[in-house]
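Subject: A structure for you to look at

Dear colleague,

Please read the text alongside the model.

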Amino acid sequence: MSTTIEQEKAPDIKNPKALLFSLCFVLMFSVMNGTMFNIAIPDIAVAFDLLPSQVSWVMTGYIMIYSVGALIYGKLADTVAFKTLITFGLTVFTVGSLVGFIAPNYGFVLMARIIQAIGGSMIPAIAFLAPIRYFPKERGKVLGIISSVMAFASGIGPILGGTIAGLLDWQYLFLSSALIIVTLPLLRKNIPDEDTSNLKLDYFGASLVASTIVTLLMGITLSNPFSLIASLLFAIFAYIRMRLAKEPFIPPHLFENRNYVVAILTGFISVSCLFGLMFTVPILLRDVYELSTLQIGLVMFPGAMSAALIGRKGGSLVDQKGSRVIFAMSLFLLMSGLFIVSSTVGINPVLFSFMLVFPMMCFPLVQASGADILANILKNNETGVGMGVFNLLNFVSGALSGAIIGKILDVFRPDEAWNILALSGSSSVYSNVFLICSLFILIGLIFFKLLFSDTETKAPY
């Protein structure tokens, strides 16, 4: 069991099961809100007569605000009561959802998505911090449940989105997202009352970090070199501010702890490959197997279910065996799963569906053990910002892997697969992508095993 973190007495929670259920319900809606709109993008383009580059901002704008917001909420969570943050976040998210449902034009749709992101980015920040604060004795188990909900929602989102948009219309995706507000009374009832500390936020430093992330994501998603250059300049200024400010937005000493740096970088590699898998598989199923949207969702469903089922058990293993052991094991399983998928691309879609179970079931294992490692490393009063950086890198990894793989699929169409076990032909490029991802996981595993040390734990002051 992980014991390196200085555990504080857990706050008095009236109904722990109700609190956990409502957190999972909120998180599921938040994750599905992103994946459901992937399905709706073609319909939105038709509705407002938009070019692909124009309608892509439905997702791009959301991701940019969401990723920055997750970091800011994480920072705020170190000093502001959870009940206050949750009330604000869910209320704003619901307002954005209702605006989207009645949007008369594309401008209102974009505004609605931005408002959703401002409120919704609170959810992953709180979801990963609540187990650390409220369930210290079962932290790994609860983190596993949280991670399994994320994985399940990612898989079920396209099916639900396709069903709602098909039976009703794409506007009803906004209305279904607004249902998230029903959890607010339950959350407010079960979250303990906490005091808000004297809030000192480095607004200038926060704006520099936000500018770095926004220009980076714009450069990645739009293939704009000027945005990438601007991102580098903002990053330099943010680093200087981090060093000079009395109370910087991100404390620089976090990155002086080797274990913290190794953990977030290894997590970045693994989550990039997981998001790359989820980005690539629907394209593969449409391109190679010529499946419909609903059929694609059904093929991916067993993998989503496996992640949901394994999450709780995997989280309990984190408590029993330690997060470092489970994290290394999950990396090995993910590497093996990606290799299996690389070797079986092009086989019968029903069989291929079950091959996807092997890598997709690793999603909650990677997330839960990675978050638990960081909880062991971080000081109690910096858990929020430390986990915020972790969440931020997760979202950036998704944009980065999608952009890179998208370019690969545009440019390269080899006839031969590099994996000697794989079929050649139109599926070769997909086999090669998954093989490369498997090799990156191997590199990450070696990096983690060599550089992560049991002797260095808490971030120094």
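In this predicted model, helices H4 and H6 pack with their axes 11 Å apart and at an angle of about 155 degrees, where axes are lines fitted to C-alpha atoms, for helices over the stretch in contact, and angles run from 0 to 180 degrees between N-to-C directions. H4 and H6 are therefore roughly antiparallel to each other, given that angles under 35 degrees count as roughly parallel, over 145 as roughly antiparallel, 65 to 115 as roughly perpendicular and the rest as oblique. The crossing of H4 past H6 is left-handed (left-handed if the near helix is turned anticlockwise from the far one by less than a right angle, right-handed if clockwise). On the H4 side the contact (heavy atoms within 4.5 Å) is made by Phe82, Leu85, Ile86, Gly89 and Leu90, and on the H6 side by Met122, Ile123, Ile126, Leu129, Ala130, Arg133 and Tyr134. Sorted by class, the contact of H4 with H6 has ten nonpolar residues, one polar and one charged, with Ala, Val, Leu, Ile, Met, Phe, Trp, Tyr, Cys and Pro counted as nonpolar, Asp, Glu, Lys and Arg as charged, and the others, Gly among them, as polar. Helices (H or I, at least four residues) and strands (E, at least two) are DSSP runs, numbered from the N terminus.

Residues are numbered from 1 along each chain as its sequence is written, and side-chain values use heavy atoms, with hydrogens and water left out. Because the model is predicted, local features need pLDDT of at least 70 and side-chain atom pairs count only at pLDDT 80 or more, while totals for chains, interfaces and linings use all residues.

The largest cavity has a volume of about 60 Å³, a volume being the space filled by probe spheres set on the points, which are joined across faces, edges and corners. Its lining consists of Leu23, Val26, Ile86, Leu90, Met122, Ile123, Ile126, Ala127 and Leu187; helix H1 (16–48), helix H4 (82–101) and helix H6 (122–134) are the elements that give two or more residues to this lining. H6 gives the most, with four residues, and the lining divides into nine nonpolar, no polar and no charged residues.

Helix H14 (residues 323–344) packs against helix H17 (residues 362–377) at an angle of about 150 degrees, with the axes 8 Å apart, and that makes H14 roughly antiparallel to H17. Their crossing is left-handed, and the contact of H14 with H17 has eight nonpolar, five polar and two charged residues. For H12 and helix H18 (residues 383–411), the axes come within 7 Å and cross at roughly 40 degrees; H12 and H18 are therefore oblique to each other. The crossing of H12 and H18 is right-handed, and the residues of their contact divide into 13 nonpolar, ten polar and no charged.

Finally, two single residues. Phe268 lies in helix H12 (residues 258–287) and, leaving aside neighbours within four places in sequence, is in contact with Leu393, Val396, Ser397 and Leu400. The C-alpha atoms of Phe268 and Gly444 are separated by 9.2 Å, although these residues are 176 residues apart along the chain. Ile115, in helix H5 (residues 106–120), touches Val92, Phe93, Val95 and Gly96, not counting residues up to four places away in sequence.

Best wishes

Key. 1 Å grid on protein atoms, 1.4 Å probe; cavity = no way out; pocket = protein on both sides within 12 Å on 5 of 7 lines; lining within 4 Å.
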